[in-house]
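View the sequence and structure first.

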Amino acid sequence: MHKLANTHIQAYNPAMSHYQSNSPALWQSLLPQPDSNSHKYSRGYVMIQGGYPVTGAARLAALAAARSGAGITAIAVPAVALNIYASQLLSIMAKPYASTLDLYALIHDPRIGAFLIGPGAGASKETRETTLTMLQTAKPVVIDADALTAFSRKSDSLKKAIIGQCVLTPHDGEFEKLFGLRPAVQLPERIAQALVAAKQTNSNILLKGANTIIVGPDERVIVNENAPATLATAGAGDVLAGLITGLLAQGMPSFEAAAAAVWLHSEAAKLYGMGLIAEDLPGLIPKVWHQLTA
Ligand SMILES: NC(=O)C1=CN([C@@H]2O[C@H](COP(=O)(O)OP(=O)(O)OC[C@H]3O[C@@H](n4cnc5c(N)ncnc54)[C@H](O)[C@@H]3O)[C@@H](O)[C@H]2O)[C@@H](O)CC1
Ligand SMILES: Nc1ncnc2c1ncn2[C@@H]1O[C@H](COP(=O)(O)OP(=O)(O)O)[C@@H](O)[C@H]1O
């Protein structure tokens with residue numbers, strides 16, 4: 001397997017076994033930048049489904065979305081959990097809902113730019129139905145963690161529902177539950193499996209691991225190789241999902257948003273070093289961004 005030069009993102013050619021190594025040259029020109037006409041809504045409104053009783057995951061994701069530059073980040077929270085969420089959020093809004101109808105009204109706010117569902121959501125029928133409701137808006141959706149598991153062996157129903165840009169972010173366990181296939185260890189096989197999943201669901205697949213693979217339904221492939229092993233810590237994936245969603249809400253195309261988020265996430269972890277916990281990552285994103293664009 002050979003790497004291609006990082007100039008243009010090209011389709012993966014299994015016969016040639018080529019992929020591209022993730023680097024800013026592949027997406028830097030598409031990073032969002034505010035200007036003097038920007039206001040908070042024009043900078044991107046992120047809506048995240050909050051869970052209960054697992055409440056930390058959605059808040060980690062929200063912090064990351066906000067640090068990616070999104071102008072507004074909100075978490076839709078079950079009314080019973082409002083105090084828990086609100087007690088640890090300042091700039092991020094907790095939007096309570098008391099019924100499914102209330103939740104769907106929040107989802108249909110026309111100002112929302114991108115959705116995230118999964119972190120701490122619970123692998124339930126409710127999570128599946130909320131995911132489908134988000135997808136029906138045709139806005140970008142990141143489907144992570146429990147929302148992937150909620151579609152275990154139901155990837156067909158997910159496929160039918162995807163009509164806009166979508167990023168699925170499984171780790172190996174979630175990939176296996178969703179697609180019924182344990183991802184291979186070897187990179188060429190892993191890429192081939194992710195490509196089939198991307199085609200099947202018409203989505204970008206971000207298959208997490210020490211080297212994260214990002215594939216598009218159009219067969220483009222990027223492999224991220226700058227992640228430190230300190231990222232293997234609870235909640236790091238929630239932060240990554242929030243970062244992708246923040247970039248999507250700001251209008252970045254989904255494949256490039258996924259690649260950029262993985263790279264920024266890895267660089268932030270490298271800056272922190274040993275002892276990293278997920279909470280440390282969002283606050284380091286601006287520093288990585290600054291170094292990249294200075
Ligand atoms: N602070 C928080 O509130 C946190 C909440 N989290 C949430 O907790 C819920 C459960 O997440 P989990 O990922 O633990 O649980 P899951 O139930 O999705 O999967 C974990 C299982 O998958 C298997 N597995 C196979 N390959 C794996 C791989 N490469 N990485 C990880 N597990 C692999 C493991 O053996 C494990 O038994 C999610 O909603 C998640 O968002 C976690 O993200 C951790 C932090
Ligand atoms: N050994 C490793 N080296 C580098 N990065 C890793 C390693 N193991 C996991 N990661 C990264 O850490 C993150 C873990 O995410 P995930 O498994 O979803 O955890 P959580 O659900 O706790 O947030 C992913 O971005 C993954 O690519």
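## Shell around ligand 2

Ligand 2 is surrounded by 17 residues, with Lys-208, Ala-210, Ala-227, Ala-232 and Gly-237 the closest. A residue counts as near when its C-beta atom, placed from the backbone, lies within 6 Å. Helix 9 (residues 236–249) gives the largest share of this shell, four residues. Helices are DSSP runs of H or I, at least four residues, and strands are runs of E, at least two, numbered from the N terminus.

This is a predicted model: local features need pLDDT of at least 70, side-chain atom pairs count only at pLDDT 80 or more, and totals for chains, interfaces and linings use all residues. Residues are numbered from 1 along each chain as its sequence is written, while chains are lettered from A and ligands numbered from 1 in written order.

## Annotated binding site

An unreviewed UniProt entry places the feature "binding site" at Lys-208, Gly-209, Ala-210, Asn-211, Thr-212 and Gly-237. They span 30 residues in sequence, but no two of their C-alpha atoms are more than 13.5 Å apart, so they gather at one spot. Such annotations may be inferred rather than shown by experiment.

## Lys-208 and Thr-212

Lys-208 sits in the loop between strand 9 (204–207) and strand 10 (212–215). It is buried because it has 23 C-beta neighbours inside 10 Å; the cut-off for buried is 20 or more other C-beta atoms within 10 Å, with positions placed from the backbone. Leaving out residues up to four places away in sequence, Lys-208 touches Thr-169, Pro-170, His-171 and Gly-237. Contact means C-beta atoms, placed from the backbone, within 7 Å.

Thr-212 belongs to strand 10. Thr-212 is also buried, with 26 C-beta neighbours inside 10 Å.

Definitions and conventions:
Buried ≥ 20, exposed ≤ 12 C-beta atoms within 10 Å, placed from the backbone. Contact = placed C-beta atoms within 7 Å.
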